[in-house]
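Here are my notes on this structure for someone opening it for the first time. They take the ligand site, then the sheet, then a few backbone details.

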Amino acid sequence: MITSTTKIYALIGDPVEHSVSPLMHNRCFKELKLNCVYVAFRVRKEFLKEAMLGIKYLGISGANITIPHKVEVMKYLDEIDEVAKAIGAVNTVVNKNGRLIGYNTDGIGAVRSLKEVVKDLRGKKVTLIGAGGAARAISFCLLKEGACLRIVNRTYEKAVELAELLSQTCAVRPEVYKLDENELGKALEDSEILINSTSVGMYPLADKSPVPQKLLRSDLIVFDIVYNPLKTKLLREAEEVGATTIEGYNMLVYQAVESFKLWTGIEPPVELMKQTVLEHLK
Ligand code: NAP
């Protein structure tokens with residue numbers, strides 16, 4: 001029941017129609033009997049400032065920020081958490097008594113997904129493919145966990161740029177490789193974990209994998225952050241060689257779990273969130 005004291009949470013992005021976040025959060029609010037509601041707003045780039053003023057002055061309690069606003073939104077916040085600052089992007093906003101505070105939960109979401117399989121990431125050799133927005137968040141949080149990182153990207157210069165940024169914030173410089181069979185082979189040789197954070201494997205590139213199957217091994221943990229399709233070509237081929245696999249929807253769920261905690265202080269029912277996402281994506 002929506003009442004005069006219902007707390008409102010919002011998704012700000014463009015497009016937003018495909019998003020599973022409203023379903024996930026509203027189901028959790030209902031389950032926990034919280035007087036809260038989550039709604040999606042499609043906001044064009046040119047109106048982001050006005051939308052954020054709306055959040056602030058309408059007293060909307062919090063928001064998720066998604067494509068294409070994750071970087072731009074930082075201009076309109078009163079405070080930015082250290083992790084989000086280092087990553088250079090915000091995906092969660094908390095309205096604390098009229099002050100908008102920005103956070104980034106993408107990297108923590110990825111780390112929590114991995115930790116369901118590997119309890120301690122300290123010293124683990126991780127090959128991360130990609131150097132875009134998601135890779136930035138994941139690489140920062142992996143280094144904070146003490147992982148030993150190799151970054152592999154199609155555009156080599158972007159991987160170098162990311163490594164440089166990480167060396168400034170984390171005082172560790174990851175190794176950098178170009179995304180071709182030979183270089184990827186070198187990075188993977190003694191890696192224990194492989195993460196794909198590129199969009200290769202996602203519709204409409206669903207028949208593609210960023211890794212030739214011959215480079216996959218049964219002792220690898222393979223995590224693909226692409227969640228549409230649920231089982232990417234990379235994950236199917238990894239399963240065929242007996243590798244342990246982690247599907248991208250886990251990260252989607254855990255970044256939402258962390259946002260929910262920032263807004264309410266409560267750990268939401270994770271299994272309910274997973275079930276909601278799986279129903280939606282299937
Ligand atoms: P982004 O900033 O646009 O970065 C895209 C990355 O993919 C870059 O490293 C790019 O390499 C690489 N790439 C794109 N097309 C490629 C191709 N044909 N061959 C090789 N590399 C290619 O995107 P993003 O925000 O990081 O998102 C990346 C993927 O992660 C998307 O599929 C997104 O849906 C998914 N994602 C999932 C979650 C989750 O919760 N599971 C969260 C965030 C993102 P170049 O530098 O060479 O262009």
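1. A pocket, on a 1 Å grid over the protein atoms alone, is an open set of points where a 1.4 Å probe fits, with protein on both sides within 12 Å along at least five of seven lines. A molecule sits in a pocket if more than half of its atoms lie within 2 Å of its grid points. By that rule the ligand sits in the largest pocket. Helix 5 (133–144) and helix 9 (249–264) are the elements that give two or more residues to the shell around the ligand. Helices (H or I, at least four residues) and strands (E, at least two) are DSSP runs, numbered from the N terminus.

2. This is a predicted model, in which local features need pLDDT of at least 70 and side-chain atom pairs count only at pLDDT 80 or more, while totals for chains, interfaces and linings use all residues. Residues are numbered from 1 along each chain as its sequence is written, and side-chain values use heavy atoms, with hydrogens and water left out.

3. The ligand is surrounded by 21 residues, the closest being Gly133, Ala134, Asn153, Thr155 and Ile225; a residue counts here if one of its heavy atoms lies within 4 Å. The shell has 10 nonpolar, 9 polar and 2 charged residues, with Gly placed among the polar ones and Asp, Glu, Lys and Arg as charged.

4. For Leu252, a backbone N or O atom lies 3.2 Å from a ligand oxygen. The protein buries 75% of the 920 Å² that the ligand exposes when taken alone, by the Shrake-Rupley method with a 1.4 Å probe.

5. Six strands form an open sheet in the order 2-1-3-5-6-4, with mixed pairing; two strands pair if DSSP finds at least two bridges between them. Strand 2 (36–42) and strand 4 (79–80) each have a single partner strand, so one side of each is left without a neighbour in the sheet. Strand 1 (residues 7–13) runs parallel to strand 2 over 7 bridges, and Gly13 has Arg42 as its bridge partner.

6. Most residues other than glycine have a negative phi, and most peptide bonds are trans. The bond from Asp14 to Pro15 is cis, with omega near 10°; Pro15 is in the loop between strand 1 and helix 1 (21–31). Asn228 and Pro229 are also joined by a cis peptide bond, and Pro229 lies between strand 11 (221–224) and helix 8 (233–240). Asn97 has a positive phi, near 50°.

How values were computed: Polar contact = N/O pair within 3.5 Å; in protein donor to acceptor, adjacent residues only side chain to side chain. 1 Å grid on protein atoms, 1.4 Å probe; cavity = no way out; pocket = protein on both sides within 12 Å on 5 of 7 lines; lining within 4 Å.
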